[in-house]
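Please open the model in the viewer and follow the stops below in order. Each stop names a selection and then describes what is found there.

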Amino acid sequence: MIFVVVVAVLAILALITQAGVVALQRAHPAQGRMVEVEGAVLNVVDIGPRDAAGPPVVMLHGASSNLEIMRQPLGNRLAEHHRVILIDRPGHGWSTRADQDDSTPAVQGRMIEDALGKLGINRAIFVVHSWSGALGARMALDYPARVAGLVMLAPVAYPWPGGVGWYNKAVNTPVLGPLLAHTITLPLGYFLAEPGARGVFLPQTLPDNFVRNTATPLLLRPREFLANARDLVTLKEAVREQAPRYAEIRAPVVVITGDVDKTVSPNIHSRPFAATVPDARLIVLPDVGHMVQQAAPELVIAEIGAMIGRIVHKKAATAD
């Protein structure tokens with residue numbers, strides 16, 4: 001009898017999840033262009049003037065999010081004067097990936113490199129947040145001709161003590177993980193999304209309607225939740241492998257971090273990274289947490305603009 005009840009409850013939760021997926025996707029439809037690459041289809045939003053001076057700006061979001069997390073505080077404003085390319089990372093937002101194990105910065109960097117080539121993007125400034133700090137660093141190592149500069153916001157760059165949350169490990173467990181993702185994750189996550197986002201913002205205040213306005217609930221879809229969890233549990237080993245190469249990065253780098261970031265410690269990540277990369281500058285914001293692009297958008301935009309200006313000036317000087 002207990003078994004029958006459990007199966008019935010799981011079946012009901014699975015139906016609720018499927019209905020929830022349909023509702024979420026109607027509430028947050030895709031707005032970009034789909035670019036096919038090996039192993040993935042990437043959703044790309046291309047905004048701003050195509051003939052703007054200087055390299056375009058490519059923006060890459062972190063874990064548990066999508067391109068909207070970069071568009072609203074930064075992308076739309078940058079697009080007033082610059083070409084801006086916002087990308088849902090493979091498996092996130094409206095991007096898909098064929099294999100959940102394509103979770104590392106190296107693999108996702110290859111996919112993004114391929115997509116940019118198909119878009120006709122040569123050199124670009126990469127603006128990366130959190131998880132994508134490791135991705136931006138990896139792209140600067142693997143594709144130096146593509147990366148004209150790197151602006152890193154609260155980046156992950158090195159291995160850290162501890163794990164990534166029991167639920168991410170559970171979702172990576174065979175059988176149990178997909179079962180959880182297709183039953184309980186969406187209905188439970190619907191109530192936990194806003195408190196979770198509020199914790200990431202601390203000590204800053206979560207903006208009104210942030211979760212809805214950034215399409216964050218798309219994360220609760222089974223295929224994206226599984227992809228996000230896989231990205232997180234494989235990240236530590238990935239950065240452990242690539243960290244010894246950071247001194248090889250030749251692109252100019254600006255690292256912006258909050259001194260009270262409890263999600264990605266600046267002492268473990270930003271400070272040693274900036275000290276290792278030859279042409280790196282570190283900006284530490286007092287009393288700021290993990291969401292530096294929300295806490296100090298004017299400063300971030302000014303740093304991106306200054307980097308573009310230096311690149312344009314250097315190019316002009318070389319031409320002369």
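Select residues 57–302 to begin: over this range the chain is 44% helix and 14% strand, and the end C-alpha atoms lie 13 Å apart. Helices (H or I, at least four residues) and strands (E, at least two) are DSSP runs, numbered from the N terminus. UniProt lists residues 57–302 as "domain: AB hydrolase-1" in an unreviewed entry; such annotations may be inferred rather than shown by experiment, and the positions follow the numbering used here, with feature names shortened.

The model is predicted, so local features need pLDDT of at least 70 and side-chain atom pairs count only at pLDDT 80 or more, while totals for chains, interfaces and linings use all residues. Residues are numbered from 1 along each chain as its sequence is written, and side-chain values use heavy atoms, with hydrogens and water left out.

Next, display the whole protein chain, which contains 12 helices and 9 strands. Its radius of gyration is 20 Å, close to the 20 Å that the globule rule gives for 320 residues, so the chain is as compact as a globular protein of that length. The radius is taken over C-alpha atoms, and the rule is 2.2 Å times the number of residues to the power 0.38. Along the principal axes, the C-alpha atoms fill a box of roughly 80 × 40 × 35 Å.

Now select Ser-130, in the loop between β6 (124–129) and α4. Ser-130 is a residue other than glycine with a positive phi, near 55°.

Continue to helix α4 (residues 131–142) together with helix α9 (residues 222–242): their axes come within 11 Å and cross at roughly 40°. Axes are lines fitted to C-alpha atoms, for helices over the stretch in contact, and angles run from 0 to 180 degrees between N-to-C directions. The two helices are therefore oblique to each other; angles under 35 degrees count as roughly parallel, over 145 as roughly antiparallel, 65 to 115 as roughly perpendicular and the rest as oblique. Residues in contact (heavy atoms within 4.5 Å) include Trp-131 and Leu-141 of α4 and Leu-232 and Val-239 of α9.

Finally, select Pro-203, in the loop between α7 (185–201) and α8 (210–213). The peptide bond from Leu-202 to Pro-203 is cis, with omega near 5°.
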